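Colleague: Could you walk me through this model and tell me what stands behind the words you use for it?

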Amino acid sequence: MPDSVQPSQGSSKPFPFITKPVAPEDEAALRESLKRCSPSTFEAAIQFRKTGNPEHLPAVVIGVIERFVEPDLRTKLKDADDDLRLIEDLGIDSLTMMEIVILVEDVLQMSINNDELRNLRTVGDVKTFIDCKVRGLPLPKPTKFLPIEHIAATMPIQPPFLFLNEASVSSNGANAKYKISGQEFFLQGHFKDNPVMPASIMLEALGQLAVLFLLEGLTPEPGKAVNPQMIFFTGCEGVRAHRVCRPGDILTLSIKPKRMKMPLATFEGAIRVGQEKAVIAEEITLTFGFMEVPAQPVTENGTAQAGAPSNGEPGAAPLRVAASA
Amino acid sequence: MPRVFITGIGFITSIGNDAATVAASLREMRHGMELYPPFQKPEVPVKVAAPVKGFQMDSNDPEDWSFPARYTIKREILRGMAPHGVYAWCAMQQAIEDAKLTEADWSNPQTGLYAASGGSPQLMGYMLNRMHTQGVMRCSPLGIVASISGTVNFNLVAHFRIRGSSCGFSSACASSSHALGYAFDDLVLGRQQRMFVVGAEDGNVDSILPFAGMRALSLQKDPALASRPFDAARDGFVGTGGGVVLVLETEDEVARRGVKPYCEVAGWGQASDGHNVAISHPEGLGLQAAIELALRSSRLAPEEVDYVNAHATSTPIGDVSELRAMKKIFRTPAARPAISSTKALTGHGLSLAGAMESAFCALAIREGFMPGSAHITRPDPECEGLNIIRSTLPAQPHVVLNNSSGFGGANVSLVFRRAG
């Protein structure tokens with residue numbers, strides 16, 4: 001890690017503000033580079049140049065991506081869902097990705113290797129990636145996309161009480177979608193002739209996503225794994241329901257870990273329908289425990305040590321980051 | 001041996017951006033020259049060029065370009081294109097509409113595309129400068145695709161989903177005539193049923209002015225006098241750009257689709273001077289051989305030729321070379337075809353020239369006229385014995401010859417014949 005770069009202590013602690021002037025010709029060059037981006041992109045970039053404060057990065061990154069997205073798809077970015085996929089949702093191909101990289105390199109004065117790009121699938125991945133680069137932190141594990149088959153195979157919770165259709169899990173949180181089909185058994189009685197998704201079930205869905213994060217997003221120490229049979233709900237705080245959700249609504253769920261201290265894991269969670277807030281939970285806390293996992297099989301050439309973690313130290317780093325956040 | 005017909009044409013040229021305008025310009029001998037603004041500097045002795053109108057393509061950034069509203073090209077397509085890629089793209093649209101083709105007709109293994117352009121010196125220069133000043137990894141990812149020779153075929157083949165034969169031809173000013181000749185061969189040999197033939201050039205500062213160094217450009221300040229092939233006072237060519245696309249189809253395809261062709265491609269020939277890298281053979285040796293081969297392959301005699309669209313670019317040496325070649329072909333009193341160089345109107349389109357002038361020949365045959373050779377006040381004495389027409393003849397030519405000559409002494413002669 002370069003000495004000059006301070007590791008992040010999280011958003012609660014202020015970034016050390018050291019303002020350095022930007023030469024007029026550099027400012028002009030920056031303005032030229034960003035001439036097809038929104039004015040706010042340039043503002044964020046110049047603020048980043050002056051202060052080095054990574055809080056300005058998301059606006060720069062979103063502004064640069066937006067500039068390369070076909071105009072009719074840009075509205076998707078306006079609502080900046082970190083789960084938005086670059087290829088599938090925004091139509092960005094690998095060449096456009098290179099254009100984005102070149103402009104980001106130019107604007108943020110950094111260089112990005114080809115192999116660092118391979119795992120960037122979502123807008124959130126790109127933001128996290130750039131943030132880690134600037135702060136000099138190790139790069140996070142790539143976001144995993146889990147279809148319903150994978151979710152059902154992983155989770156201790158099963159249909160008809162599983163409220164996740166698809167999910168993505170990264171080292172700093174998880175996102176999922178659930179469509180209220182109208183066939184859910186409890187809607188027959190909740191309410192009479194007026195099916196409304198119970199708020200308690202929506203809280204349950206957020207809890208399920210937190211369970212999925214514990215099972216898929218953590219990298220415990222070697223020889224250990226989170227035991228799916230030892231995860232239980234312990235409490236929640238600051239829960240508010242903002243919107244009535246009915247059959248046909250697609251719930252967009254997201255959770256982020258706030259604290260991790262064995263045996264408790266505390267998350268913040270939110271559910272949206274489109275851009276409307278549906279449910280907020282300031283804290284959802286689960287208990288969890290580890291189980292022993294069989295030692296890694298020795299590879300054919302016999303060089304791997306028994307019990308060595310499959311993804312080693314660098315892979316474990318994001319957990320520490322998340323745990324200290 | 002299947003016969004081959006031209007069934008569609010598209011034009012982005014200095015004398016018009018559609019077939020009707022181009023035909024009117026040719027018939028009325030309206031030229032496309034102007035005092036080209038980027039040349040109006042004391043240090044540039046060349047003043048006249050024949051730019052394409054209705055397009056603004058000066059910037060190195062494709063997102064700054066503008067073109068007529070009837071064409072829409074997405075950014076992701078534009079970013080890999082040179083200015084002449086856009087001209088060719090627009091001409092392709094026209095040719096497809098003109099030939100009444102559907103995507104199923106052109107996107108299949110039996111339909112190919114041959115193209116020619118000199119690449120984009122401007123974008124190449126910009127990219128290399130950026131590489132040297134800002135670093136190797138800051139080159140635009142599509143800078144090469146947009147600038148090297150071949151950019152036209154790369155772009156059109158990919159974006160129009162061409163699945164048959166495709167490649168680019170590089171014989172300078174004979175390139176797109178070679179493209180047409182080999183497209184004809186592919187159709188005759190049964191390898192393809194339909195071929196697009198494309199010629200295109202940027203026609204801007206960086207593609208034209210380097211010819212000043214070899215003293216090939218006219219230094220005339222009067223746009224109406226700068227390009228005057230066969231005139232005794234000619235002093236060089238006038239640069240132009242644009243894009244022209246022709247659709248060639250076999251007779252079976254013409255019958256199946258029930259379309260009315262412009263004309264038949266009767267045959268072609270090529271031969272080389274073996275003389276000089278940049279100067280035509282003084283006696284037109286290679287061109288003469290190319291014409292002889294073209295007529296033989298078409299089973300036609302010199303006496304049957306009604307009109308020749310000459311290569312004549314308005315350079316002192318080149319025009320004489322072609323005149324001498326033609327005098328050896330058209331020797332008998334019965335062989336007196338009308339001869340003109342439409343470069344007096346369009347300027348010289350380099351790799352574009354062969355396809356552009358072939359399309360002019362197709363228009364002339366279908367619409368029944370032979371365009372005059374403009375701007376001649378005092379014919380070169382070498383014209384003696386040949387019928388250089390100084391005004392448009394309102395008569396339909398049955399057999400037409402189109403000559404092209406390129407660097408290295410490459411010569412191509414194409415033969416077109418009235419359909420039916």
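Modeller: Gladly, and keep in mind that this is a predicted model. Let's start with helix α1 (residues 24–33) of chain A and helix α2 (residues 39–51) of chain A, which pack with their axes 10 Å apart at an angle of about 145°.

Colleague: Why do you give both an angle and a distance?

Modeller: Because two packed helices are described by the angle between their axes and the distance between the axes.

Colleague: Which residues of α1(A) and α2(A) meet, and how do you know that they are in contact?

Modeller: From α1(A) come Glu27(A), Leu30(A) and Arg31(A), and they meet Phe42(A), Ala45(A), Ile46(A) and Arg49(A) of α2(A). Residues count as in contact if their C-beta atoms, placed from the backbone, lie within 7 Å. By kind, the residues of this contact of α1(A) with α2(A) are four nonpolar, three charged and no polar. The crossing of α1(A) past α2(A) is right-handed.

Colleague: What makes β1 and β5 of chain A edge strands?

Modeller: The seven strands of this open sheet in chain A run in the order β1-β2-β3-β6-β7-β8-β5, with antiparallel pairing. β1 (144–146) and β5 (232–241) of chain A each have a single partner strand, so one side of each has no neighbour in the sheet. On average, neighbouring strands of this sheet are turned by 20° against each other, direction ignored.

Colleague: How do you know that β1(A) and β2(A) pair?

Modeller: Two strands pair if DSSP finds at least two bridges between them. β1(A) and β2 (residues 166–170) of chain A have three bridges, in the antiparallel sense, so they count as a pair. Within this pairing, Leu146(A) stands opposite Ala167(A) of β2(A).

Colleague: Which helix packs on that sheet?

Modeller: Helix α9 (residues 199–216) of chain A does, touching β1, β2, β3 (173–179), β5, β6 (250–261), β7 (264–273) and β8 (276–287) of chain A. The direction of α9(A) makes about 55° with that of β8(A).

Colleague: And chain B: how is it divided?

Modeller: Chain B has domain 1 (4–257) and domain 2 (264–417), and their C-alpha centres lie 21 Å apart. Their contact takes 65 residues from domain 1 of chain B and 56 residues from domain 2 of chain B.

Colleague: Which element supplies the largest share of the side of domain 1 of chain B that touches domain 2 of chain B?

Modeller: That is α8(B), with eight residues. That side of domain 1 of chain B divides into 37 nonpolar, 22 polar and six charged residues.

Note on methods:
Residues are numbered from 1 along each chain as its sequence is written. Chains are lettered from A and ligands numbered from 1 in the order in which they are written. This is a predicted model: local features need pLDDT of at least 70, side-chain atom pairs count only at pLDDT 80 or more; totals for chains, interfaces and linings use all residues. Helices (H or I, at least four residues) and strands (E, at least two) are DSSP runs, numbered from the N terminus. Axes are lines fitted to C-alpha atoms, for helices over the stretch in contact, and angles run from 0 to 180 degrees between N-to-C directions. Two residues are in contact if their C-beta atoms, placed from the backbone, lie within 7 Å. A crossing is left-handed if the near helix is turned anticlockwise from the far one by less than a right angle, and right-handed if clockwise. Ala, Val, Leu, Ile, Met, Phe, Trp, Tyr, Cys and Pro count as nonpolar, Asp, Glu, Lys and Arg as charged, and the others, Gly among them, as polar. Domain bounds come from an automatic or database domain assignment.
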